[in-house]
Amino acid sequence: ILDKEGADVLARTAADPFVVVLDERGRQLDSLKLAELVEKHRIAGTRQITFVLGGHAGISDVVRKRANLVLSLSRMTLTHELARIVLVEQVYRAFTIIHDLPYHK
């Protein structure tokens, strides 16, 4: 299953300019650093940032190697459903930081 999912992810992200794989072994960023990363890519003209969350079996090594960034939302293992919610909230928070909106404060 992991190999099949990995091949599917690679096929879908082949042309994507910046791929972030979510994995508990990845690099941890606080909300401000995530906002800086998003803003850096916006200014550079990156047309898309693709976030990849694994399924129940996790992420294959080939997908992890394809990533431009392996990011950890937490050192704890999260269900992929919960990880999606945390990711969406953090991306929203990043944009509120970039636009100096009061949500983050």
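**View 1. Thr79 sits in the loop that links β3 (69–72) to α4 (80–98).** Helices here are DSSP runs of H or I with at least four residues, strands are E runs of at least two, and both are numbered from the N terminus. This is a predicted model, in which local features need pLDDT of at least 70 and side-chain atom pairs count only at pLDDT 80 or more, while totals for chains, interfaces and linings use all residues. Residues are numbered from 1 along each chain as its sequence is written, and side-chain values use heavy atoms, leaving out hydrogens and water. Thr79 has 46% relative accessibility and so counts as partly exposed (between buried, under 20%, and exposed, over 50%, with a 1.4 Å probe and protein chains only).

**View 2. Asp16 is found in the loop between α1 (2–13) and β1 (18–28).** Asp16 is buried but has no salt bridge (a side-chain nitrogen of Lys or Arg within 4 Å of a carboxyl oxygen of Asp or Glu). Take a look at Arg47, the nearest side chain of opposite charge, 5.3 Å away from Asp16; Lys and Arg count as positive, Asp and Glu as negative, and His and the chain ends are not counted. Setting aside neighbours within four places in sequence, Asp16 is in contact with Gln48, Thr50 and Arg66 (heavy atoms within 4.5 Å).

**View 3. Three strands make an open sheet with parallel pairing, in the order β2-β1-β3.** At the edges stand β2 (49–52) and β3, each with a single partner strand, so one side of each has no neighbour in the sheet. Four bridges pair β1 with β2 in the parallel sense (pairing takes at least two DSSP bridges). Here Val20 stands opposite Phe51 in β2.
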